[in-house]
Amino acid sequence: MLWLAFKTLFHEKGRLIITLIGITISTVLALIEVAIYLGMMGNATAVIRHTDADIWIGSKNIQSFDFALPFPEHRINQVRAFSDVQWADKIILTFAFVKLADGRREQVQVIAYNPDTGVGAPWAMLEGRAEDVKGGHYMILDKTSEQRLGRLELGSQWELTFVKEHSFKLVGLSQGIKSFTTIPVMFMSYNQFQPLLADMALANHTAYIVAKLKDPAQAQAVAQALRVALRDNDVFTRDEFVYQTVMYWTVQTGMGMAFFLTAILAVLIGGAIVGQAIFAFTMEHLREYGTLKALGARNSDLYLVIFSQTVISAVIGYALGVAIIFLVRDGIEQAGVDLYVSPILLVVLFFTLLLVCLAAAYVSVRKVRMLDPVTVFKA
Amino acid sequence: MTAVLEVKEVSKVYGAGAGKVVAVDAVTLGLSKGEVLLIMGPSGSGKTTLLSIMGCILRPTSGEVRVAGKMVTTLGEEELPDIRKNHIGFVFQAFNLFPSLTAAENVELVLRLKGYDRKKIKAQALELLDKVGLVKRAGLYPADLSGGEKQRTSFARALAGDPPIILADEPTANLDSRTGREVLTLLRTLAEAAGKAIAIVSHDPKAEELAHRVVFLEDGRLKT
C-alpha cells in the first residue's frame, strides 16, 4: 500500500507542492524559534558552563548570571576553609561603557578574571591568549562585537567608562562569546579591575566566588554546607545555577513562553495544513477508497495509505525546512542572532511535527473507516 | 452444474414502519462456472442491491449467501474483505480506475492487494491486459484511454488473481453501441474460455443475446 500512497501522492504535484510549502514554512518557523531560544539560553549560561567550577556563590537572591551584585571578596577564605574545596577563585561581572570611534558610547559586560588560573577566562580565542590581560589595563573583546563596537584591532586603545574614564588596550579577540543581552563581552584581569570598583566604594568586592571540589559528586552536599556558612550569599552547584538562569529568562521574563508559543503554533499550523490537504485528498478520492474496499482491501490497508502519505509529506517538508535553516543559518548568525540547532532538537521537532500531522490525518482515517463500499456501484 | 455463488431467500429491507422499503425480496438464484447470468429490470428494481449482496459488499437483511460453498452471511466484517479479494472480481459502470495509476498499474494494484510475488506482478498485469487486447496501452493513464479501453482495463483488473466469479454492474452503460457489444462479447469469451462465473446487471438489450441466462427483477422480486 506504500506503493499506492507514493503513486497517488506524487501524481497530484500541485497539491503536494502546496502541502510541502506549508510543512516547510512550519518547520522553518518552529525550528528558528526554538533554535534562537536555545542559542540565547546558551549565551546566558555560557560562562557558567565553560568555567571549570562545581560551585557558584553569588549575592543573596540573585536571579540570573547577568544580575550579580557585589559582595566582600574575603568570603573566599570561608570557602577555601572547606576541606572538600580544591580551589576557589573570584570573578567580577559588571557593566560599563566604551567610547566608540565616532564618540558614541556602547554598553559592555565586563568579566574580570584571574589570568594566573584562567578561571572565568574566555574559552575560545581567535587572537592572543587569555593570560595576556595580566599586568596592565589590557582587555579581550569578542570578534562578534565588531558589529556593535566597530573594527577591533589588536593594540588599539579603548576608553572605558566605569564611574571615571580609563584607557584599556585590546590584546586579544575571543570567538563566539556573547552575552544573553547581546551586549559585547569584555574580559580583563581581576586585579586590574579591582581599583575601578573602588571608585564606586566597592573596593575588595567581587560578583562571584567559584570553587572546584576535590570530588564533584559531593557538589550538593558541599553547596548545602556553604549555604549554612555563607548566609548572606546564594550558593549553587553549577547545574543549579544554569537552571536558575535559564528559568529566570524563560519563565520570569515570559520570554520562553513567547518563543515556545510561536513554535507550538508553527507546528500546529503545519499539522493543520497536512491534515487539511490529506482530508481534501481523501474526500476527492473517496470513490477510489471505496473501490479498494470493494476489491478486498481492509480498513487497515486504507489507513496505511493515508498515514503513509502523511508521513511522506511530513518527511519531505521537514527535510526542506531543515535544509533552508542550514542555508540561512550563517546569514542569521552574522546578523547577531545565535541559532542552536542540535541533533536532539531536530529529532524532537521532527517527531512532534509528525505526531501533529498524523493526528490531523486521523480525521481522514475516520472518514474512510465509515465509508460504505456500496458507493462504488453508484455511477 | 455446481453453483459457485448462491443466494437463497435473500431480502434487503431499508427503514421500518411506513417508510420501509424492500429493495430485494426473497430472491433465490445461483451462478455457475462458465455461465454468464444477466440480471435485468427497470430502474429501482433492486438489481444493484442484489449485485452488492452477491458481491459480499452489502449484508442482506435475511437469507443466505454462499461463495464457493462457504456461507458468508454469518461471517464477521473483518472476514468479508478476504472473500471479495479471493473469490470475486468487480467491473463497475463508471470503471472506477485509479487516475494516478497507468492501466498496467491499475491491474497491478489488485495483484499487490492479493499478495502476489512483486517480481512477477508487472508481467502478470501485462498478460492480463493482453487478454483484453490492451497491452499496447498499458503505460497510459485512464485519462488518456477511451471509454472502451477503460472498461477493458477494468476487466483485466477484475481478472487479476484469477477469481472464479466476476460481477459486472452496467458494464456497457458508458460505452457506445459497438464498444458495448465488444465488451459483452469479451465477457462471454471469458466465461467460456476461462470458466468464470459472470453475473451482469444491465439494461442493454444486446446483453440478452450474449448471456446464457437472463433473470428479471421487479420491485425486488424475481419475475418468473
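**Reading a two-chain predicted model**

Student: In which helix of chain B is the place of B:Thr153?

Tutor: Helices and strands here are DSSP runs, numbered from the N terminus; a helix is H or I with at least four residues, and a strand is E with at least two. B:Thr153 has its place in helix H5 (residues 147-159) of chain B. This is a predicted model, in which local features need pLDDT of at least 70 and side-chain atom pairs count only at pLDDT 80 or more, while totals for chains, interfaces and linings use all residues. Residues are numbered from 1 along each chain as its sequence is written, chains are lettered from A and ligands numbered from 1 in the order in which they are written, and side-chain values use heavy atoms, with hydrogens and water left out.

Student: Is B:Thr153 buried or exposed?

Tutor: Buried means under 20% relative accessible area, exposed means over 50%, and partly exposed lies in between (1.4 Å probe, protein chains only). B:Thr153 has a relative accessible area of 0%, so the residue is buried.

Student: Which residues does B:Thr153 touch?

Tutor: A contact requires heavy atoms within 4.5 Å. Leaving aside residues up to four places away in sequence, B:Thr153 touches B:Leu97, B:Ala103, B:Asn106, B:Val107, B:Leu129, B:Leu134 and B:Leu145. B:Ala138 lies in the loop between helix H4 (118-131) and H5 of chain B. With the same exclusion of residues up to four places away, B:Ala138 touches B:Thr102, B:Ala103, B:Ala104, B:Leu126 and B:Leu129. Its relative accessibility is 7%, so B:Ala138 counts as buried.

Student: How is the overall form of chain B described, and how many helices and strands are there?

Tutor: Chain B has 7 helices and 10 strands. Its radius of gyration is 17 Å, close to the 17 Å that the globule rule gives for 224 residues, so chain B is as compact as a globular protein of that length. The radius is taken over C-alpha atoms, and the rule is 2.2 Å times the number of residues to the power 0.38. The C-alpha atoms of chain B fill a box of roughly 55 × 40 × 35 Å along the principal axes. Of the 224 residues in chain B, 54% are buried.

Student: What radius of gyration does chain A have?

Tutor: Chain A has 29 Å, whereas a compact globule of 379 residues would have a value near 21 Å. The C-alpha trace of chain A spans about 95 × 50 × 30 Å along its principal axes. Its secondary structure comes to 12 helices and 12 strands, and 54% of its 379 residues count as buried. Among contacts in chain A between residues at least 6 apart in sequence, 77% join residues at least 24 apart.

Student: How many residues does the contact take from chain A and from chain B?

Tutor: The contact takes 22 residues from chain A and 28 residues from chain B. Buried area is the accessible area (1.4 Å probe) that two parts lose on being put together, summed over both. Between chain A and chain B about 2500 Å² is buried, with carbon and sulfur atoms giving 67%. A:Trp3, A:Leu295 and A:Phe377 supply 33% of the area that chain A buries against chain B, more than any other three residues.

Student: What covers the buried residues of H2(B)?

Tutor: In helix H2 (residues 80-87) of chain B, the buried residues are B:Leu80, B:Pro81, B:Ile83, B:Arg84 and B:Lys85. Their cover includes helix H10 (286-294) of chain A, together with strand E4 (62-67), strand E5 (70-71), strand E6 (88-91) and helix H3 (103-113) of chain B.

Student: Where is the place of B:Glu170?

Tutor: B:Glu170 lies in the loop between strand E7 (165-169) and helix H6 (177-194) of chain B. B:Glu170 also has a positive phi, of about 45°, although it is not a glycine. Its relative accessibility is 9%, so B:Glu170 counts as buried.
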